[in-house]
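Here is a report on one protein model.

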Amino acid sequence: ALKLKAEAKAKALKLKAEASEAKKHVREEDARAVKWPGLTSLVEYPKSASFSVALAAQPSATPFALPYEVRKEGKPPKYTTLQRCQWVCQRPPRPFPRDEVEACLCVPTDAMRAAAASTARDKASRAAAASGKETEASGEASTGVASAEAPDSKPPPPLPVIPRDGCGPECFNRASFTTCDARVCPCGAACGNRPFHLLISPKTKTLLTEHRGWGLFLAEPVNSGRFVVEYTGEIIDDATTEARLWADKARGEDNFYLMEVSHKQIIDARHKGNLSRFINSSCHPNCETQKWQDAATGETRVGIFAIRDIAEGEELTYDYNFAHFGGEGTTSFTCMCGHPLCRGTLDANPERTRNYGRRVEIKWRESAAGGEEAKKRDDDVSFYAATVLSYHNKTEKYEVLYDGGEKEYVRLDGPNAPEHRWLTAPTTKPGEVSAAVRRAEAEARLAKGKKGSGSAAKGKKRKRADGPKRARKPDPRRVKAREEKAAREAAAAAEAEAEA
């Protein structure tokens, strides 16, 4: 009987498996079948020649985009809210022992002492009342007799508000950009130089701008010097930052939320952070970032403060001082702040755009061997046209791109600069300058490619690029070797003559 039951069960399982395989096969056939040939399908279906010609003749469709009036009614992207930064690649700093924390030298006023004493008494009385209720409840539970609560019992009054007037502008810690530790601060609960996550931020609202994505706008006026918000996110190291940036570059991501505190501490607010991630950049901002040190843990934290009085409804901005990663060029991103004096770039070094895109002709000195021929030439022959790409503060040199495709760093300011003449006026529109430089670089690459392909096709020796030819400085080691060789040859010749 058991054997018959087992065989029947095995037969039923086999029939069930065959039925599921049949259903799966039917679903696959339905998926491959094209039910509506007039619509675009993921499955290729036969097309006639006339259909292919008509499809090729149709203009390419532009990607659909919702108008700004519709997009601004949406919601900002989701993210995980953090009250303070979260350490990812290393352990967070631990609080220092109380005796190792340096306290400020502020002296609390009598009002601060009175408020702190009253608050301490209220807390003690509340704690005693709570412990009494717990004792009474435990006694009732043990005896099993419940006492009726008085009907006129009222909730305890709120604690008095302590004014945060301590540790003002004269505080030593505040002057050195260090937040106080409540354990050792003389002002106690009245300290106004508390850590950023304990400060009250002004009311704000997130709105979509027309050209700069989402922005943070004030819902109340803010005075100059007031704390706005702390820049929070995941704290990662340099290696993790590089890996994330390469991944973003591979995906074509153009939104970044990185703020570098040090080479070992970089804040990434892409997935975790607070409202500070929506603050846009501006060449003439109303806020600034400041590095503060937490006296309790020694952690460096970044706070955003107002540098002028900001009215209600105004957008909060600060200068990104953008740094480049994994690419060449003078400008990575164009500034869209719209200020009349906008410098046109988010670059951390605005001086890189000095004379950016200007045309210049540079005269080079001929070598000693060609000096006689150079005197016979006209001066204009020795000038080579180029386009300025960038300026470097440390070397005080310009990076120029010659029409022949060569790049060189040359000094164009000061007494040691070679003879040159500017062909165009200083540039002021970054968009036009960027297009001009890109066009010049593309033309130079195209000319260089044509020259290389032509020489390879003809089988001739590749010619040198037509550009400035400067006399190389002789290598002292080679000069010494040549002199020693000449001396040995002269000595050998003298010995041969003496023997003869």
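## Aromatic pairs

F305 is buried, with a relative accessible area of 8%. Buried means under 20% relative accessible area, exposed means over 50%, and partly exposed lies in between (1.4 Å probe, protein chains only). F196 also counts as buried, at 5% relative accessibility. The model is predicted: local features need pLDDT of at least 70, side-chain atom pairs count only at pLDDT 80 or more, and totals for chains, interfaces and linings use all residues. Residues are numbered from 1 along each chain as its sequence is written, and side-chain values use heavy atoms, with hydrogens and water left out.

The whole structure holds nine aromatic pairs. Rings of Phe, Tyr and Trp (its six-membered ring) pair if their centres lie within 6.5 Å; planes under 30 degrees apart count as stacked, over 60 as edge-to-face and the rest as tilted. F196 and F305 form an edge-to-face pair, 6.0 Å centre to centre with 65° between the planes. This pair links distant parts of the chain, 109 residues apart. F196 sits in the loop between β3 (178–179) and β4 (204–208), and F305 in strand β13 (residues 300–306). Helices (H or I, at least four residues) and strands (E, at least two) are DSSP runs, numbered from the N terminus.

## Cluster and charges over rings

F196 and F305 share one aromatic cluster with F177, F227 and W292.

Two arginines lie over ring faces. R277 is over Y257, at 4.4 Å from the ring centre. R358 is over W422, at 4.2 Å from the ring centre. The criterion is NZ of Lys or CZ of Arg within 6 Å of the ring centre and within 35 degrees of the ring normal.

## The open sheet

Five strands form an open antiparallel sheet in the order β18-β17-β16-β15-β19. Strands pair if DSSP finds at least two bridges between them. β18 (407–410) and β19 (420–422) stand at the edges with a single partner strand each, so one side of each lacks a neighbour in the sheet. The twist averages 35° from one strand to the next.

β16 (residues 383–392) and β17 (residues 397–402) pair antiparallel over six bridges. H392 has K397 in β17 as its bridge partner.

## Overall make-up

The protein has nine helices and 19 strands. Buried residues make up 27% of its 500 residues. Of the contacts (heavy atoms within 4.5 Å) with a separation of 6 or more, 68% involve residues 24 or more positions apart.

Note on methods. Axes fitted to C-alpha atoms, helices over the stretch in contact; angles between N-to-C directions.
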